[in-house]
Every structure is written in C-alpha cells, then in structure tokens.
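Trainee: I have a new structure to read. Please take me through it, one feature at a time.

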Amino acid sequence: MSKSALLTIHQALRRSFHSLENNQKLWKSVLAECIPLMASLENLAEQSRALSNVQISNTPLKDFPEVEELLRFKLSQAMDTVLCKLHENMASLQSLRDSLTNQVSTVVQLYEQNTDTLDLVTVTERSATIPSVVDMLEWLQDAERHYRQQFVRRKTLLHALSSGNLNFLATATKKWKELDTPGAEDQITDTLCKVSFFVESS
Amino acid sequence: MEGKVNHTVSCDCSETSVVLILFCSLTAEFDLAGDVTNVNRKCSAVTGSGRKLKDNAADWHNLMLRWEKLNDEGFTIASNIVNARRSSASVSPLCSGEAEGSSGDLVLGNSALREECEKLEDVVNKMAAIVAKMERLMASQRGLVDLEEFQFGPQGRKVPLFHGWNAKDFVSSCGLLLRSFTSELRLKRVLLREVAHCADRDLSLVYLSCWLHQPLVPARARLALEAVLLETGQRHLPG
Amino acid sequence: MTSLKLLSVDSSDRGSQRCRLGPGLMTALGLSVGSPVLVSLPRGSCLCIAWPRPDLAEGFLQVDMKCCSPYFLRHPPSRLTLDPEQVTLVPCPKLKGMKISVVVQSVEFKRNNSPRFVHELVKDMLKASLREMLQLPLLYPGTLGSLGVSCPKGVLLVGPPGVGKTQLVRKVVGEVGASLVVVRGPEVNCFQTLSTVSPIYLWIWMFQVVRSRPGESEEMLRGVFTQACAVAEEGPCVLFLDELDSLFPRRSGSSAPENRLVAQLLTLMDGVDRSDRFLVIGATNRPDSLDPALRRPGRFDREQVIIGPPTLRQRAAILSVLCEKMPVCSSVDLTELAQRTTGYVGSDLSALCREAAMHAMRENGSGEQTVALKHFLVALKLVRPSCLRSSLGRTDLAPVAWEQIGGLDDIKLKLRQSIEWPLMYPEAFSRLGLCRPRGVLLYGPPGCAKTTLVRAAASASNCTFLSVSGADLYSPYVGDSEKALSQLFRQARACAPCVLFLDEIDSVIGSRCNGQAPSSVQTRLLSVLLNEMDGVGLKTLERRGTQKILQVEGAEENQTAEQMSSQEVCNKDVMVVAATNRPDCLDSALLRPGRLDHILYVPPPDQQARLAILKVCTKSMPVAPDVCLEELVAGTDLYSGADLENLCKEAALLALEENMEASSIKHVHFLQSLKKTKPSLTVQQIQ
C-alpha cells in the first residue's frame with residue numbers, strides 16, 4: 001500500500017521537476033527578451049530628458065515651433081510600444097508562474113491525501129540516487145516561492161515604470177537587473193542537478 | 001528589403017520590424033496586382049482615371065518605402081557624425097547600449113567627418129528627389145480631378161471609381177502625405193546643416209531623435225496611405 | 001522528552017513559513033509533513049507548517065517568522081530553550097471567511113502605485129493560496145470513489161439560447177479554479193489563451209473543430225482531447241463543448257462527415273479514464289437533435305442540469321443584478337418589469353437594460369442620467385424575447401384596450417373571467433378551488449370582433465401573446481404542419497404564461513366525423529392539438545426551475561414575494577384561445593371539458609351594441625350635431641362591427657369628396673354611406 005502511494009508520488013514529482021526545468025528555461029528566455037526592451041526604454045527616456053533640457057526656440061530648430069510637441073508625442077508613443085511589449089512578457093511570466101504553482105500544489109495535495117500510508121520514515125528516506133520525498137517537496141516549494149516573489153517584484157517595477165517618471169525610467173535597466181537573484185536561480189539549477197538521476201530513472 | 005534595423009538607438013526596433021513586415025506583405029500583393037488572375041478582378045480591370053489613381057497609390061507607397069530606407073541610412077550616418085564630434089568627450093550615452101557597433105567609428109578624423117557629412121547630404125538630396133516625385137504625383141492627381149469634372153460635370157461621376165471615394169478624396173489624402181514629407185524634408189535640411197556643428201550634448205541627442213522619429217510625419221500619414229491602398233483594392237481588410 | 005533549542009532560521013527557509021523539527025519529535029506530536037503547528041513562545045506565538053530538518057537531527061527548532069505575533073517582527077526570538085509541549089498541532093477548521101488588510105510599508109511604493117494596483121497584486125497573490133483551500137470533489141476524485149459515488153464524466157446543459165449556459169460554466173469553473181478548454185461550434189477559428197481574462201486561473205482554448213477536408217475535423221477533436229488530457233495532468237480540467245448540436249447532430253443513414261465526428265467523440269469519451277480529474281460539459285439548446293448515443297450512461301449521462309427560461313422571481317433577481325450598476329430611477333418597480341418580461345432570457349434582459357439606458361442617454365443628453373420606467377417601456381418594444389424569435393405565431397400586437405371595443409359587455413366579462421383573471425389572480429382561483437380553464441372557443445359570424453377581443457384580453461393581462469391563423473400552419477409537406485403546431489406549443493410553454501390564439505381554427509383542424517380520410521392533414525393536426533392540450537407532448541426538459549431564492553426580509557416585501565411565487569407556480573400553463581365562425585365543423589373531442597371548454601358565442605351586434613360600436617367608431621371623427629346615431633342603428637340590421645366601422649369611414653370619405661375643406665361629417669353623408677354599403681352578415685349565418 002505504502003509502496004504504491006510512494007510510486008504515485010514519485011511519478012508526480014518527476015512530472016513536476018520536468019516542468020520546473022522547462023519553466024526555468026522559458027523564464028530565463030523571457031527575462032532575456034526584456035533586457036533590450038529595458039535598454040530601449042531607458043534610451044527613450046534619455047531622449048525625452050534631452051528634449052526637455054533643450055530650449056527649442058534658442059536653437060536652429062526654431063523654425064519648427066511645433067517640433068517639440070510632435071517629437072514628444074512620437075517618443076511617448078514609442079515608449080508605449082515598448083511598455084506594451086514588456087507587459088506582454090509579464091503575461092507570459094505570469095502563465096509560467098501559474099502553471100508551476102498548479103503543479104506544485106497538485107503534488108502537495110497528492111501527498112496530503114496519502115499521509116496515512118506514508119509515514120515519516122518513508123518520506124524522509126533518501127538514497128544516493130533518490131532524494132527523500134520531503135526534500136523534493138521542499139525544493140519544489142522553494143522554487144515556486146521564488147518565482148512567485150520574482151513575478152510580483154518585476155510586475156511592481158514595471159508598473160512603476162509605466163507611470164512615466166523620467167528619472168525613474170533613466171535607471172530602468174539597473175533596477176531591472178537588481179531584481180535578479182542569481183543565488184536563487186542557482187539553487188534551482190542545483191536542485192535540478194540533484195534530482196537528475198531520480199528524474200531519469202523511472 | 002534587407003533588414004536595416006541596426007540603429008544605435010535601439011528603441012525603435014520593435015516598431016520598425018512591424019513596419020517591415022507590412023512592407024513585405026505589400027510587395028507580395030503588388031506582384032499579384034499585375035496578374036490577371038488576381039482575386040480582386042474588379043479593381044485590376046479598371047481603366048482610365050481609376051487605373052491612373054491606382055498606379056499613383058502604388059507609387060506613393062513605393063516612395064514612402066524608399067524614404068524609410070533612406071531615413072534609416074541617414075540615421076546611421078548622423079549618429080556616426082554625432083559620436084565623432086563627441087569622440088573627445090567620454091563615451092556617449094547613445095552608444096552605451098550597443099558599443100561594439102560604433103566603437104570603431106568613435107575615432108573618426110576630420111576628413112572622415114567630412115566624408116560622413118557628404119554621405120548625409122547625399123541622403124538628403126535623394127530625399128529631396130523623392131519629395132519632388134511626390135509633387136509630380138500630386139499634380140497628376142489634381143489633373144485627374146479637373147478631368148473628372150470636365151467629363152462628368154461638378155457633380156462628379158455617378159458610379160464610384162472604386163468603393164466610395166471620388167478623385168477629390170484622393171487629392172485630400174495625398175495632400176496630407178505631401179505636406180508632411182515636404183515639411184519633414186525642410187527639417188532634415190536643417191538637421192543636415194546643424195548636426196555636425198553642435199557641441200551641446202542634449203541638443204545633438206534631440207537632433208538624432210528628430211531624425212529617427214520624424215516628428216513632422218504624423219502617424220496619420222501612415223493611416224492615410226493605408227486608406228488609399230485599401231480604397232484602390234491593393235490592400236485587403238484582414239480576415 | 002528533551003527540551004528544544006531554538007536556532008535562527010536558515011536563509012533558504014526564509015519566507016517559507018516552515019518550522020524545522022526532528023522527525024522523532026514530529027512522530028511524537030503526531031505531525032505529518034506540512035501540518036500546521038502553533039509554536040508558543042514567551043510574548044507571543046507563531047504559526048508554521050511542520051517540516052523535518054534536512055539532517056534529521058533531534059533537539060533543535062527553527063521557526064520562520066512569516067506569520068507571528070507583532071512583537072517578534074522587531075525582536076526575533078533567539079537563544080531560547082523550549083519545551084516540546086510548546087509546539088502544538090493546529091486543528092483545521094473549515095474556512096468560513098477571510099478578511100485581508102494590506103499594509104504598504106514603503107512610502108515610495110505607496111506614492112508610485114495606485115491603490116487599485118495594490119489591490120490587484122494582493123488578489124493575485126491570494127488566488128494561489130485560496131485555491132488550495134477550496135475543497136472540491138473535482139480535486140478529490142479518490143474520496144468520491146471511496147464513498148461509492150461515481151464521478152460524473154459528462155454533463156449536458158440544456159436550455160434555450162441566451163439563458164446563460166456558457167456564463168454558468170465559466171462562473172463555476174472560475175470558482176473551482178479548474179482549467180477550461182472551450183470548443184465552440186460555428187464561429188471560432190483561432191487558438192487563443194484567455195487566461196488573463198479569467199477570474200481565477202483557468203485556461204481557455206478555442207478551436208474550430210469543423211474543417212472542410214475529410215478527416216481533419218476528427219483530428220481537431222482528437223487534438224482537443226489530447227490537449228485537455230495534458231491540462232488535466234496539471235490540475236482538474238473541464239472540457240466545455242458549447243452548441244453541441246451543431247457539431248454532433250443525430251447520425252443519419254449516409255456516411256456524412258458528421259457521423260464520423262460523432263463516432264470519434266464517442267470513442268474519445270469512452271476512452272477518458274474515470275480516475276482522471278476530467279469532466280466534459282456539453283451545452284445545447286436542441287437536445288432532440290443530438291445523437292442519442294451521446295446521452296447514454298458513461299457519456300453525457302448527467303443531463304439533469306436544465307436551464308429553462310427564467311421564471312418571474314428569477315427575472316426579478318436578474319433585473320436587480322443588472323440594474324445595480326445603473327442609475328435607475330427609484331420609481332421603477334423591478335417586480336412589475338419582471339412581470340412584463342415573460343419569455344425573456346438573461347441576455348434579453350441585459351439587452352433590455354442596455355436599450356433602456358441608451359434611450360435615457362439619448363433623451364437626457366449629458367445631463368442628469370437616470371433610467372426611468374418609460375425608458376424601459378420603450379425598450380420593451382424594441383427588445384423581444386428570444387424564445388419567440390423565429391416563431392410561427394405573430395407576436396407583435398398593438399395593445400388593444402377593452403374600451404376600444406363597443407358593446408359586447410357580457411362577452412367581455414366572460415373573457416376576462418376566463419383569460420385575464422386566472423392569469424392575474426391565480427391565487428384567488430386556487431383559494432376558491434376553481435379549476436383554471438384550459439381553453440376558450442369563440443364562435444360567431446365573421447367581423448364581430450373575435451380577434452380584437454382576444455387581443456384586448458392578452459394586452460390587459462400582460463402575458464405573452466402568440467397568434468396563429470390557419471394559413472400559417474399549412475404546409476404542403478407531409479408532417480410539417482404537425483411539427484409546426486407542436487413547436488408552437490413548445491414555444492408557448494417556454495414563454496408561459498402565454499395566450500396562444502388559433503384564429504380560424506376550422507380551416508386547419510378538421511373533424512373526424514364529416515367524411516374526411518383519417519390520414520388527412522386536418523385529422524393529424526387535430527390529434528396533435530389534442531395531445532398538446534392534454535399535456536402529452538410536454539417534454540421533461542421543459543420543466544422550469546422552482547428552487548427557492550432568498551426571501552427578502554420585511555413583511556411587506558414578503559407578501560409581494562409570496563404573491564409572485566404563487567403566480568409563478570400557477571401560471572405555468574398556456575391558455576389556448578380558438579376562434580371560428582363554423583363551430584359545427586369542429587370535432588367534438590376538441591370541445592370536451594379540459595380542452596376548449598369555455599365556449600363563448602360572440603353574437604352579431606344588436607341595436608344597443610351597434611350604437612356602442614358606432615359611438616366608438618365616431619369618437620375620433622368630427623360629427624355634425626345633426627347626426628342621429630340611433631337612426632343609423634335602426635337601419636343597420638345585419639351589419640357586423642367591421643361593417644359599421646367601414647360605414648363610418650365611407651361617410652367621412654364622402655364628406656371629403658364633397659368638399660376637401662369639410663370640417664365635419666353630416667348626417668347625409670352617413671345616409672349616403674348606408675346606401676352604398678351592404679351588410680356582410682346573412683340571416684342564415686346568424687341561425
């Protein structure tokens with residue numbers, strides 16, 4: 001009885017780690033897409049700032065009195081395009097996070113349904129190739145928490161950027177990169193290494 | 001249609017690529033337009049004023065396409081000039097994003113600077129030629145209006161040329177295009193004159209962003225062209 | 001048992017709400033991994049989930065302070081020694097409610113972000129945890145199985161279009177947090193995820209299943225099921241097949257592509273493993289046209305979910321929801337509005353409200369914007385119930401007031417007794433033990449206001465009015481007329497209370513005794529009509545919802561609610577009113593009690609009635625003072641009501657003929673007109 005429950009939960013864990021691996025790859029690629037967008041945003045902010053610093057009527061452009069307003073409009077339009085793209089990326093991050101959350105909660109629920117048959121000794125038993133169920137659950141939860149936090153932080157930053165504060169926009173890339181937590185990402189890579197034997201054995 | 005999207009200011013890349021895709025799809029449709037087996041036979045079989053207007057619309061489109069290409073070329077040259085001017089100063093803010101493309105050009109000498117300026121002048125001259133062609137197109141379209149009036153009286157023809165517009169509508173739409181590009185050309189001339197002589201960092205940045213974003217060509221212009229293409233049956237509503 | 005040493009929490013555990021214990025202690029306390037525990041400390045406590053230490057060592061305790069007494073936020077406990085009894089298992093009561101207050105700590109964040117955004121963020125964060133708390137049969141198919149209840153695999157939603165089948169599924173699935181794969185019939189042709197639109201995390205994919213190339217549709221369908229199964233791996237999944245009848249019609253004899261599609265669906269549904277957390281919901285408004293094999297046990301075996309058009313109280317509830325967000329004038333009585341909207345489904349009602357609001361806007365411009373009853377009344381004319389759409393019968397009736405019909409006072413009273421009263425005061429009828437009449441037959445010579453009388457009765461009682469004359473039902477194809485008649489009854493029942501008026505019934509419904517072949521159309525129509533009137537044709541799926549809705553508190557309100565509910569229960573019937581001028585042609589079975597049992601003779605107008613009719617007719621005419629209506633009455637024996645109206649019109653025309661500037665109609669004109677027109681009734685007809 002406990003044997004079959006253990007097998008079921010192992011299967012579910014394998015599936016979860018598979019999707020965690022996919023998730024990590026996709027997450028990274030989406031974040032990588034965001035970097036050039038952030039740079040453009042910063043660049044556009046720089047252009048807007050320069051435009052504000054220049055008194056057009058004192059320059060050779062004085063023959064074009066409307067140019068300042070028109071250029072500002074074009075710049076903000078371009079910024080909107082970039083922000084739109086970024087928001088789209090956030091949506092894909094959200095769906096990644098949601099799918100992982102779903103996976104993890106499914107596994108945890110599966111475990112909770114089987115607590116009667118799986119005693120503590122069984123779930124804490126580890127071997128050289130197979131980590132214990134408790135460890136694996138822990139790692140999955142940690143990864144899920146990491147992505148949840150990351151998403152909220154990045155979404156908040158993006159929201160702040162959308163307000164159009166030029167000084168804030170000027171450091172967009174820096175702020176975006178500050179949110180990177182290489183430690184936690186490494187932790188996930190580490191986890192995936194640790195379970196690689198387990199995932200491959202079936 | 002080689003993708004010329006390597007601007008120093010990388011902000012525009014997404015927008016440009018969208019435009020490029022539109023252009024590609026359009027050229028494909030042009031190939032079809034000459035074909036007798038085109039789905040839209042009603043329009044391809046037009047003669048007289050309709051035929052002329054349709055050709056003009058295609059010309060407008062091609063001219064604007066060439067203008068965009070020239071604008072991209074010119075922007076690359078202009079940013080080289082600005083960077084060369086600033087080579088004495090520290091790394092320019094424009095290059096911080098992608099330094100590898102332009103770092104080689106940073107140490108342009110005086111002769112090289114002159115060369116770049118000549119190249120930019122060349123570009124502006126080509127743009128002027130485009131605007132001149134646009135004017136000729138406009139003149140022929142005005143002529144068409146007169147012809148229509150002569151043929152059908154002040155009320156105009158009973159059956160519309162295409163879907164609903166009359167010749168005057170074409171003139172007013174294309175008039176917007178011509179006005180935009182004429183004033184944009186004036187701006188480009190000023191930029192050509194000033195960009196190499198500007199020492200102020202902010203101002204040169206404004207020059208560059210003016211060149212790139214073409215503030216005097218409103219977004220409406222693009223829409224006007226699309227409307228003309230749609231009316232003449234060279235563009236189809238999606239779906 | 002040894003005491004526990006409290007160590008500071010590992011950095012990797014921060015924010016995880018874990019409480020690290022030795023496995024031995026966990027067993028001793030009866031904790032399993034993930035059980036909620038309360039750690040009581042001096043000056044406060046901390047709520048955590050139990051988790052074994054990675055090194056499995058005993059005697060140590062590490063607590064993540066994610067959920068703890070406020071004191072510890074500033075003074076994290078350290079270097080304490082605890083007694084094992086300070087760690088206790090927390091029982092899990094059922095979640096009853098939740099209150100969330102958000103504290104934004106960073107001032108900068110507060111400045112840069114609107115409260116709405118914060119709200120959105122919090123909601124988003126809560127969704128994940130909330131979903132875990134919802135205990136659902138969908139989540140625990142195992143539990144259901146152990147109770148001996150088989151998990152339904154397919155559910156079929158049946159109801160007329162627009163009652164909210166799709167809405168219902170969306171809502172339920174949204175609450176459950178299951179994934180949703182939507183397959184819609186005709187219109188959708190793209191594959192899209194709408195997960196951003198959904199209330200709680202759900203996946204929606206739309207496919208177009210029907211393809212032109214042979215075999216492609218089946219492949220699409222298989223693709224949908226594979227997709228849904230893949231989603232089901234991650235979590236519970238509901239596959240919603242909307243407009244099932246358009247995709248899977250009843251299989252016909254030939255090898256039409258639809259047959260293969262039906263067969264494919266059957267195979268796929270049989271292939272779904274019962275243990276999968278996978279539910280297929282189908283929705284249709286024409287259950288009859290579905291292939292019967294789809295409704296066998298194991299496929300769409302649960303089809304109890306029947307959504308009929310909303311009843312009176314349901315309509316009132318829908319309207320109150322719809323009007324909640326509208327600036328509705330306080331004088332608008334939603335109950336009355338609900339009464340007037342028989343046969344309207346949810347989407348009709350929402351269209352009605354929209355139309356009313358639009359009308360109010362057009363009228364008021366940008367000024368004060370309240371929607372008053374008159375706007376609703378205008379909208380009522382524009383928005384017709386979709387139950388009656390594409391109906392055979394005419395529904396657009398100009399309301400006729402009783403006063404517009406001259407004379408016939410005793411007939412009017414009888415009609416009111418048999419049509420208006422049962423519909424308006426059903427509780428009074430049941431109180432006195434009165435059986436409500438099923439049908440009324442009006443007979444009498446032509447042109448004597450039979451049709452107008454019925455119209456007046458229907459408009460006075462505010463019920464749906466379907467009017468059909470013999471010609472409407474007639475069809476040259478065998479069986480078509482019968483089908484049309486029974487469909488008419490179905491529609492009438494859907495919109496009950498309803499008056500179904502069969503004009504010139506003798507022209508379609510024959511009699512079995514006057515020498516007609518038993519197989520003629522008329523005889524078959526007669527048997528259909530008898531069956532429908534006796535309720536034999538009533539289908540189970542036309543049952544209406546009768547579940548109680550929450551009663552509003554307060555005595556006064558209670559009374560109206562009661563009245564409404566009694567009306568609702570009693571008014572399920574359709575009143576059949578038939579009219580003929582040859583009652584002798586009707587089959588006697590039709591006139592038996594329980595069918596057209598109230599037989600009213602509408603006589604040709606007598607002198608008094610003719611006077612009344614003439615008065616009504618000349619009411620809007622400028623009649624010269626010398627006109628003596630009594631004299632006219634005497635000369636118009638055998639004139640029907642229609643003839644009299646015609647007479648007045650003719651007189652007016654004669655006046656105009658004489659002089660275009662004529663301002664009044666003189667007696668001479670009437671006399672001239674009398675000479676010109678002939679009575680349409682004959683003595684034989686009256687006999």
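Mentor: We will go through confidence, a sheet, a loop residue, the cores and a chain contact.

Trainee: Where do I start?

Mentor: Start with confidence. This is a predicted model. It scores ipTM 0.82 and pTM 0.49. After that, look at each chain by itself.

Trainee: What is the mean pLDDT of chain B, and how many of its residues reach 70 or more?

Mentor: The mean is 74, and 71% of the residues of chain B reach 70 or more. Then go element by element. Helix α7 of chain B, residues 201–213, has the highest mean pLDDT among the elements of that chain, at 91. Helix α1 of chain B, residues 13–33, has the lowest, at 35.

Trainee: Which stretches of chain B stay under 50?

Mentor: Residues 1–44 of chain B do, and the model has 55 contacts for them beyond four places in sequence. Residues 90–107 of chain B are also below 50, with 29 contacts in the model beyond near neighbours in sequence.

Trainee: What does chain C average?

Mentor: Chain C averages a pLDDT of 69, and 61% of its residues score at least 70. Among its elements, strand β2 of chain C has the highest mean pLDDT, 89, while strand β10 (residues 206–208) has the lowest, 34. Below 50 you also find residues 128–151 of chain C, with 25 contacts in the model beyond near neighbours in sequence. Residues 185–211 of chain C stay under 50 too; the model has 65 contacts for them beyond four places in sequence.

Trainee: Now the fold. What is the secondary structure of chain B?

Mentor: Chain B has eight helices and zero strands. Next, ask how the chain folds back on itself. Take the contacts in chain B with a separation of 6 or more: residues 24 or more positions apart account for 77% of them. Of the 239 residues of chain B, 29% count as buried.

Trainee: Let me try a loop residue. Where is C:G34?

Mentor: C:G34 lies in the loop between α1 (23–29) and β3 (36–41) of chain C. It counts as partly exposed because it has 16 C-beta neighbours inside 10 Å. Then check what it touches. Not counting residues up to four places away in sequence, C:G34 touches A:V108, A:E112, C:I49 and C:A50.

Trainee: Which residues touch the most other members of the largest nonpolar core?

Mentor: The core has 67 residues, and C:L453, C:V499, C:L500, C:F501 and C:V577 touch the most other members. Domain 5 (402–601) and domain 6 (607–686) of chain C both give residues to this core, so it lies between them. Apart from it lies another core, of 62 residues, among them A:L51, B:C117, B:F181 and B:L212.

Trainee: Last, how many residues does each chain bring to the contact of chains A and B?

Mentor: Chain A brings 25 residues and chain B brings 20. On the chain A side, α1(A) gives the most, with 10 residues. By class, that side of chain A has 15 nonpolar, six polar and four charged residues.

How values were computed. Residues are numbered from 1 along each chain as its sequence is written. Chains are lettered from A and ligands numbered from 1 in the order in which they are written. This is a predicted model: local features need pLDDT of at least 70, side-chain atom pairs count only at pLDDT 80 or more; totals for chains, interfaces and linings use all residues. Helices (H or I, at least four residues) and strands (E, at least two) are DSSP runs, numbered from the N terminus. A residue is buried if 20 or more other C-beta atoms lie within 10 Å of its own, exposed if 12 or fewer, and partly exposed in between; C-beta atoms are placed from the backbone. Two residues are in contact if their C-beta atoms, placed from the backbone, lie within 7 Å. A nonpolar core is a set of buried Ala, Val, Leu, Ile, Met, Phe, Trp, Tyr and Cys residues joined through C-beta atoms within 7 Å. Domain bounds come from an automatic or database domain assignment. Ala, Val, Leu, Ile, Met, Phe, Trp, Tyr, Cys and Pro count as nonpolar, Asp, Glu, Lys and Arg as charged, and the others, Gly among them, as polar. pLDDT is the predictor's confidence in each residue, from 0 to 100.
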